[in-house]
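I opened my notebook to look up one chain. Here is what I wanted to see first.

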Amino acid sequence: MEQKPSQSPSGRPTDVNKKQDNHPKGSAKKTVSNAASFDELQDSEGHYRPVAKAVGAWLDDINFDALNHLNEQAADIFYRKGVTFTVYSDAKNIERMIPFDIIPRIIAASEWRQIEAGCKQRITALNAFLHDIYHDQAIMKAGIVPDEYVYASGCYEPWMMGISLDKPIYSHISGIDLIRDESGQFCVLEDNLRTPSGVSYMLESRNISEMLLSDVFSQTPILGVSDYPKRLQACLASATSKYDPQIVILTPGRFNSAYYEHAFLAHEMNVPLVHGYDLVVEDSKVYMQGTRGKVQVDIIYRRIDDPYIDPLAFRSDSILGVSGLMSAYRAGNVVIVNAPGTGVADDKSLYPFVPDMIEFYLGEKPILPNIKTYQCRKPEDLDYVLNHLGELVVKETQGSGGYGMLIGPTSTTAEIEAYRARLLENPAGFIAQPTISLSTNPTAVSDGIAPRHIDLRPFILSHGDGSVDIVPGGLTRVAMVEGSLVVNSSQGGGIKDTWVIDDSTLSEPMSGTRQPSEYQLDRQGNDAIIASHAHYHDPIQPLEAGYESPEGAPMILLLSTANHLVWLGRYSERLYYYDSIIKRLVKGNIEKSELQHLITHLGFNVDINQSFTCMKANLLSDLEQDKIPNVVHYIETNVQEAKGVIGKDTSELYNLIKRLSSAGTYRAATLQLHACNAAMAQEHPAVTSFWQLGRHFEQLERTVFLKEDSAAISLEFKHWVNQLPENTRWRELIRLTNQMIKSQQLSDFQLLSKECNMILQQGV
């Protein structure tokens, strides 16, 4: 996410309504922004804007302790749910919790209509431009967009030339970053047409508002955003003429910064979350490898960049994509959303031409203006930029996430000179813009409430029939630090909920929210309670398409996911066993010969020739410092990889294991595993079966290694093998298990283990 240029607030200690100090003890001290910035909640006289009066009244009444407590609750919810992002610039590549502020950003519905119209106009023109440059190239022939700008873009894909899409839409899911200037005018800062992220943060922020600000929220006419997943699914399905197409979300994996969002959307749409290794191309068709066999894929909502989607067509060293995917795409047997080559339309060097595109393709004037932009490839613009580096924001034309930027007003002389050298080396790779004073919104800070600069990313869905759908809201990003010019999460920014409020019912001077009758409030409250439990005990089921009703559609469980479920079961059982050993060591309930037997056959890093006391101490140390932390780590790894089929509540329970083990309380983590196991037992039967298979395989392996009687556990293992899909290779495991039951020999167990691993690894 890109950082946005802005100016810091003044930080004057005054009330939001410009009343004099005299704050009661414990109240939230408030400050206002620099007069150059547009304040989202107040007018120039310090009065709350009509549409924001309900929130303003709440802010005036709340004290700092209560406000701080709300933000702490929100952070705890995010932590519990695992709403994180990965910071690529961090040497440890660690996951971080995205900062959230409980004070919402308010937009009147009358204002939103302009935003909506402007975004629809803009994305319609951009989609027309993309179709044009890969076909007739009329805008280039007309000299409106120089062809060298298009061909020089690193996102231009010659592979896409002449491909006739079933539905001529290239960017189905788009995000347009907007800012509000000093006058309150919404302007477009940049377009995001490749793989725009952040919609899960928008939806999770709304969930928190509804939960923690229920009193204000329930009496305010806020337009809803919760149906976005249904809108997204309809948009994806519209990308093909095929009835009830099979949709998947293609993720680069759990180390991607937006992996939480990938799993979130897969959950909400009940579609499979797949990796590149889950898909194969045969006869120019794409299939995913499930536990019941191959299933053809019709639409791939990919969340990986062009160079990595097909190693045969793009980067040959990519392990994230699918070999042969572009051949299936060119044959029209699969739709890739967004289309390859879409990124050329959000290349920052082409951003200045979007108003011309709107006029060329639509015959209209732009509703939302651009920011003044200097193209450093032009000698006159480069000369101006070099002479004003200390005043401008300079960006790489294909940069993102706030990386590789220069913000002149906050940069040192050395940083400016270093950037000057980069500019001179490759002028065509940069653009520059004036430092814009972004609008501000009250934000909870360490000592009260203060203005912080914000932007807005609405999410636009372009359907196959040419219609455009925009959920009323979007992602509001906020610079959390005073004086900071950063709003993107990868650079330290946070998020806020965005309330689009229906102001048509507010009478002049629109002094407050509508007051429903007592009966209406009771009915709304009851409806809200019922709605909040709509997904109670509703297991995740990525369903196979082509069935008349969801009840009759089988669940799609990928072979790779089944593999992770098996290992989740194995590591869960291993943690229990390690805990039982610790209990026996602490209580002194174990003999020296048995201890030596365990160490020898289960691979503990302990010398069996030392004294009994040292053996016990060293085994205890090995368990607590090595074995158990590793097992907990692998439980977390497999939970993350299986997120596409594990319910949200179950995932939250597993997140607590990670939290407890991070604090070194391994006993509590083991106890938490009981709750996780109870939840796993209530998941979809296919999910439970593979997880139970892993648990019982671990028990069987341990029994065999310790040379104990394995007949009983072999029968238990056979029971769970019988639950696996029929008429598949899984049936072979029954024969091998029967053989194992009869012989109880290590060699027969090894055959069983080898066959089980071979089947599972077909999908990895």
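**Ground rules.** I am reading a predicted model, where local features need pLDDT of at least 70, side-chain atom pairs count only at pLDDT 80 or more, and totals for chains, interfaces and linings use all residues. Residues are numbered from 1 along each chain as its sequence is written, and side-chain values use heavy atoms, with hydrogens and water left out.

**Whole chain.** I looked up the helices and strands: the chain has 23 helices and 24 strands. These are DSSP runs numbered from the N terminus (helices H or I, at least four residues; strands E, at least two). I found that 56% of the 764 residues count as buried. Buried means under 20% relative accessible area, exposed over 50%, and partly exposed in between (1.4 Å probe, protein chains only).

**Cysteines.** I looked for disulfides (cysteine sulfur atoms within 2.5 Å). The structure holds zero. Cys-119 is buried, at 0% relative accessible area. Cys-235 is buried, also with 0%.

**H2 and H6.** I then took helix H2 (residues 64–81) and helix H6 (residues 199–212), which pack at about 135° with axes 11 Å apart. Axes are lines fitted to C-alpha atoms, for helices over the stretch in contact, and angles run from 0 to 180 degrees between N-to-C directions. Which residues of H2 meet H6? I listed Leu-70, Gln-73, Ala-74, Ile-77, Phe-78 and Lys-81 in H2, against Glu-204, Asn-207, Ile-208, Met-211 and Leu-212 in H6. Contact means heavy atoms within 4.5 Å.
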